[in-house]
Amino acid sequence: MAQLLPAGAKVAACEDREIQTCSGAARVRIYRPTLGTRAPVTVFFHGGGFMLGDLDTHDSLARGLANASRSILVSVDYPLAPEHKFPEAPDLAYAATRWVAEHADEFGGDASRLAVAGDSSGGNLAAVVALMARDQGGPRLAFQLLIYPDLDFRRSNFSIRHYAGKYGNISRETQFWFMDNYLSSEEQRTLPTVSPILAGDLANLPPAYIVTAQYDALRDEAEQYGELLEDAGVPVTIRRWNGMIHEFLRQPFDDSLAAISEAGQALADALAP
């Protein structure tokens, strides 16, 4: 399916590396939109229901965000279920973010201007990493870009119930199939590191830009999370794209390019010197 997606834009440099973290080894792909100057850094986590996806499936989106944000983008190939169940994915995502903060100088990055980003399940990991960074002593994050993030494993809101199985969204049965493969017990669904919307204390998190789509089953939880962040005093922009569906940023729609441009500009503004 990835071969049917639009080809990625050119970047100034692209490098695959294997990094060693406290949670194990991980493959990353480092995209540089420009050469010769220290640039801010965005750590990116791909979507795929915690079971699918890799550096290649989201290569086009990563390239687009790197160029639009004018930041070095580090895409992380985190461990997938069912072979690697929770909490392996968030633990590696957080460890990789710490590695980026500690090694940014090696690839021309400025660790003082660091953000996390992700789409769908990757948006979940970006939100979880922001919580972990706050609660575990860093690194300091300047921004979080959450693209139609998966944030509430209770699966009970309006958009989940009414859009499942329609408009390209997976069915209710498939939603639970993904969850059951990712988690080891039903009780884990309400952990803050699984459902960030249930974290309770959302104060002192980095500013957020949240992308949602009108016909996305994950729409309501993403927008509710943005409202909860605002209530906690976190600066938030919620951008709903009417007429769009889940995963639309990876599709060849006019609004896809516009959404990448706007999200990238939000990153650029947040990471400006």
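Two strands are taken as paired if DSSP finds at least two bridges between them. The model described here is predicted. Eight strands form an open sheet, in the order 1-2-4-3-5-6-7-8. The pairing is mixed. Strand 1 (13–21) and strand 8 (236–241) stand at the edges. Each has a single partner strand, so one side of each is left without a neighbour in the sheet. On average, and with direction ignored, neighbouring strands of this sheet are turned by 20° against each other.

Two helices that pack on the sheet are described here. Helix 2 (residues 88–103) touches strand 1, strand 2 (24–32), strand 3 (39–45), strand 4 (72–77) and strand 5 (109–119). The direction of helix 2 makes about 115° with that of strand 1. Helix 6 (residues 219–231) touches strand 6 (143–147), strand 7 and strand 8. The direction of helix 6 makes about 155° with that of strand 7.

Strands 5 and 6 run parallel and are joined by five bridges. Within this pairing, D119 stands opposite I147 of strand 6. Strand 5, helix 3 (residues 121–135) and strand 6 make a β-α-β unit, which is right-handed. Strands 6 and 7 also run parallel, with four bridges between them. Here the bridge partner of I147 is V211 in strand 7. Strand 7 (residues 208–213) pairs in turn with strand 8, in the parallel sense, over six bridges. In that pairing, R240 of strand 8 is the bridge partner of T212.

Burial of strand 6 was examined next. Five of the five residues of strand 6 are buried, so this strand is largely enclosed by the rest of the structure. Both of its faces are covered. On one side, F143, L145 and I147 are buried. On the other, Q144 and L146 are buried. In a regular strand, side chains alternate between the two faces of the sheet.

Helix 5 (residues 172–182) also holds buried residues: Q175, F178, M179, N181 and Y182. Seen down the axis of helix 5, these buried residues fall within an arc of 165°, so they line one face of the helix. They pack against helix 2 and helix 4 (158–163). Helix 2 packs on the sheet as well.

Definitions and conventions. Residues are numbered from 1 along each chain as its sequence is written. This is a predicted model: local features need pLDDT of at least 70, side-chain atom pairs count only at pLDDT 80 or more; totals for chains, interfaces and linings use all residues. Side-chain values use heavy atoms; hydrogens and water are left out. Axes are lines fitted to C-alpha atoms, for helices over the stretch in contact, and angles run from 0 to 180 degrees between N-to-C directions. Contact means heavy atoms within 4.5 Å. Buried means under 20% relative accessible area, exposed over 50%, partly exposed in between (1.4 Å probe, protein chains only). A crossover is right-handed if, with the strands pointing away from the viewer, the path from the first strand over the helix to the second runs clockwise. The arc is that of the directions from the helix axis to the C-beta atoms.
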